[in-house]
Amino acid sequence: MKKLSYLTCMLLCSFMPSVAQPQILVMPTGGKPMPDRWIDATTHHLIVKLSRREGSNSSFYFHNYPFIQTPDGKGWEMIYYGSTSQGNQLFAVNLQTFQNRQITHLPFRFGGEIVAPKSKTAYVQSRDSVFRIHLGNGKAELVYVFPNDFHGHIASVNCNETLLAGVWSDEREAEILRRYPSKSSFFNRIFEAHIPHVLFTIDLQTKQLHKIDSEDTWLNHEQFSPTDPDLLLYAHEGPWDQVDRTWVINVKTGEKKLLHQRSIPHEINGHEWWAPDGKSVWFDLQIPRSVNFYIAGVPVKNENGHIETGKEIRYPITRDEWSIHFNLSPDQTMFCGDGGDSTQVAHARDGMWIYLFRKQGDTLSAEKLVDMRFQNYRALEPNVHFSPDGKWVIFRANFEGKNEVYAVSIQRYL
């Protein structure tokens, strides 16, 4: 293991004074306990451990925004889950100082990865009850209780923080999940059961529940637009080559639109997410499955309650560059990806990396950020996010032998 020279450490300090210290090790990533910071010996990028606490720690799913500004407005905190003796609780890590703090001390199990950044609150659910969590002091406030005949599950808050959205399904889905808890067992069963699903919103002012659409098919992946309070992205779930998956609906008018129409047998798209400016939706596209790979996007706008879409954009990537999840930087000049092992849909021979993709005209230039050879992808998918300043890619990993949260600098230091 190499150590950085004094000159290199001083250069690091000029970029991030709270991170860089003399004697940062240059070492292989994973396969053993790692220090709080190191340089990946293969990629030469700085990696910082964010979850500096005991227990199992996990950052949010890739399309769930996890960031709030610090009280002085000069920095950012990231919200994540950490295990405790009371079960998983919400924690925050300051992305400048790397100080961790526990937010919640709730005595019951809860779930939800819904941060409302303007009010610095989060929404979580326990059974039939929805709570607002004040992220500064951890105070929990009951905001809604579902009716006995409609136990939905919340998934997203709109950009002006007036509506929650989610999906209800009848009891058959819960029974399938109970009897077949592994994804390989429940996935096709839920799809083939044609269980009724209902998209709904909850008005946080009036506490009124509004059913906006219903179908006898599996609906999920609900995501409000980051800039339009009326647009909700959602998916028809199931085997991707058998569904027209990616949709947007206006929650006020009920108008909905398919964003990508499959054109040949075995074509697939999925793991969709909004661009940061809300002007487009992006997704993994394969034409056909496991052969040709793209990061693709569709322009979307809402004109007087009418949804309009533009020409699809496609960036080709290689088999090894394919990732389970992608994301887009705040300035929209870069994508990141979390890679995948050889058992995933791409069957990559060398795909176990955290990737950065820079736009270069109609193509992408790929760079490897983190060597993930010791990652167990089947046990934990990394789910990449860009930091709010666009200088870091944040991900979760188990390459030390337990689940932790990390950030890798997009700057190469050696």
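**Strands, confidence and a pocket**

Reply: β14 and strand β15 (residues 163-169) pair in the antiparallel sense over four bridges, where strands are DSSP runs (E, at least two residues) numbered from the N terminus and two strands pair if DSSP finds at least two bridges between them. This is a predicted model, in which local features need pLDDT of at least 70, side-chain atom pairs count only at pLDDT 80 or more, and totals for chains, interfaces and linings use all residues. Residues are numbered from 1 along each chain as its sequence is written, and side-chain values use heavy atoms, with hydrogens and water left out.

Me: ok, and which residue of β15 is the bridge partner of Ile154?
Reply: The partner of Ile154 in β15 is Gly166.

Me: What's the strand order in that sheet, and why is one side of β14 left without a neighbour?
Reply: The sheet is open and has four strands in the order β14-β15-β16-β17, with antiparallel pairing. β14 (153-157) and β17 (209-215) stand at the edges and each has a single partner strand, so one side of each is left without a neighbour in the sheet. Neighbouring strands of this sheet are turned by 25 degrees against each other on average, direction ignored, with axes being lines fitted to C-alpha atoms and angles running from 0 to 180 degrees between N-to-C directions.

Me: Switching to β22: buried or exposed?
Reply: Strand β22 (residues 268-274) is mostly covered, as seven of its seven residues are buried, meaning under 20% relative accessible area with a 1.4 Å probe and protein chains only. β22 pairs with strand β23 (residues 280-286) in the antiparallel sense over five bridges, and Ile268 has Gln286 as its bridge partner in β23. Their hairpin has five residues between the strands, and Gly278 there takes a positive phi near 70 degrees.

Me: How confident is the predictor, and where is the pLDDT below 50?
Reply: The protein chain averages a pLDDT (the predictor's confidence in each residue, from 0 to 100) of 94, and 95% of the residues score at least 70. Over residues 3-11 the pLDDT is below 50, and this stretch has 15 contacts (heavy atoms within 4.5 Å) beyond near neighbours in sequence. Residues 13-20 also have pLDDT below 50, with 18 such contacts in the model. Where pLDDT is low, the predicted coordinates should not be read in detail.

Me: Last one: which strand gives the most to the lining of the second largest pocket?
Reply: That is β10, with four residues; strands that each supply at least two lining residues include β14 and β22.

Conventions
Buried < 20%, exposed > 50% of the residue type's maximum accessible area, 1.4 Å probe, protein only.
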